[in-house]
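Please work through each task before reading its solution.

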Amino acid sequence: IRTRLNARVRGVRTQSERAPTQRFVDEFARYYTPTIVVLAILIAIVPPLFFGAEFMPWLYKALITLVIACPCALVISTPVTVVSGLAAAARRGILIKGGVYLEEGRKLKALALDKTGTLTHGKPVVTDIKELNHLAPEKALEIAASLNAHSEHPIAHAIVTKANLEQPLTVINFESITGRGVKGVIGDTLYYLGNHRLVEELGVCGDHVESLLHPLEAEGKTAIVLATEKQALCVFAVADTVRDTSTEAIKALQRLGVTCIMLTGDNPTTAKAIAVHVGIEDARGNLLPEDKLKIIGELRERYGVVGMVGDGINDAPALAKSSIGFAMGAAGTDTALETADVALMEDDLRRIPLFIGLSRKTSTILKQNITLSIGIKAVFLALNFIGLATLWMAVFADMGASLIVVANGLRLLRFKS
């Protein structure tokens, strides 16, 4: 029973990942084939039985009808085209989990992009350390690096790399604060290390702290604050470089009519600075994973088919909610890659416009193949009814049409942007 259930589940999953056109053709053939068989039987027996016609000529016409109307070309054209499209994408470093996503790509109207690791390289470095309340920068960096010692976040890695500690300080009661930072006890003191939003919530973001944060954020840097429950101790500025391909990719997407939105957990000032650099007008900052999830839902209601590009665990809910989730294959976490529908193996956002172009080309060829399959058969069926078709013509209508649509579908392997 378990084996049958597992097989049924796999069958449902496979069917759900098939291209919509392929599901339509299969459903069409399910009714088309019995109809043609019944029509051929009627052609063979009705004229001889009811109109006194000779049996053999009408039997011959019935056989011709069966051969001409065989749905081989129609049924085979779609999977060949889809598989060719998937192979063409894989050759260009785009791994697609199913034909349904390849075909849906042409409908993409909006694309949400994470900042760190997506638009940027995801390898930030510490550029500034601003002292507060007489805590030595070296000691502040040691505490911050100890709190981040076991974190995989790129910003945490930048602080750990900057400190280069041989032995981190002992941290107890460590806790990650989603979308804000971390906290832990070192010695007898509870320390917080996080973003602008965290220190505002702690109530330690006074005018002096704000005067340090705003200029750094205006430069597109991410400001991280080390604080206790009573005061801010030090500000670290972390900068990440924008990928060389990001600006080009955004321009290409906009030419394709795709609206781009940047979603990030960074503060709005930093988000705006990076967005302006790459050419995105709509940048939203201070977002938690649930905020990104909510925004994707709103975008789907507004635009219909919406994509999400991300690389981290925090992006996974939004990737799952989007119509098509894109994960950065090299820099992305396992969670992001598992959740996404498309993986960009070279972390190159220019692959997304290429994916959309390939999707549109695939859709065009699918329509061509369906038209050819049905059109060729319709012509020869008409010739058969007026008595001009032969069995050799029927063979051509069947096998010839199949070869034509297969050859047309294989053209996708030579697809160029």
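Buried means under 20% relative accessible area, exposed means over 50%, and partly exposed lies in between. The model examined here is predicted.

**Exercise 1.** Classify Asp 291 by its accessibility and identify its salt-bridge partner.

*Solution.* Step one: the relative accessibility of Asp 291 is 25%, so the residue counts as partly exposed. Step two: Asp 291 forms a salt bridge with Arg 197, with 4.0 Å between the closest N and O atoms. Step three: this pair links distant parts of the chain, since Asp 291 lies in helix α13 and Arg 197 in helix α9, 94 residues apart.

**Exercise 2.** Determine whether Lys 377 and Asp 398 are buried or exposed, and locate their salt bridge.

*Solution.* Step one: Lys 377 has 5% relative accessibility and is therefore buried. Step two: Asp 398, at 11%, is likewise buried. Step three: the closest N and O atoms of their salt bridge are 4.0 Å apart. The bridge connects helix α16, which holds Lys 377, to helix α17, which holds Asp 398.

**Exercise 3.** Describe the salt bridge between Glu 142 and Lys 139.

*Solution.* Step one: the N to O distance is 3.6 Å. Step two: the two residues are three apart in helix α7, so about one helical turn separates them. Step three: Glu 142 is partly exposed at 22%, and Lys 139 is partly exposed at 36%.

**Exercise 4.** Characterise the surroundings of Phe 380.

*Solution.* Step one: Phe 380 belongs to helix α16 and is buried, with a relative accessible area of 14%. Step two: its contacts beyond four places in sequence include Ile 68 and Met 393. Step three: the C-alpha atoms of Phe 380 and Ile 68 are 6.9 Å apart, although 312 residues separate them along the chain.

Notes. Residues numbered from 1 in each chain as written. Predicted model: local features only at pLDDT ≥ 70, side-chain atom pairs only at ≥ 80, totals over all residues. Heavy atoms only, no water. Helix = DSSP H or I, 4+ residues; strand = E, 2+ residues; numbered from the N terminus. Buried < 20%, exposed > 50% of the residue type's maximum accessible area, 1.4 Å probe, protein only. Contact = heavy atoms within 4.5 Å. Salt bridge = Lys/Arg side-chain N within 4 Å of Asp/Glu carboxyl O.
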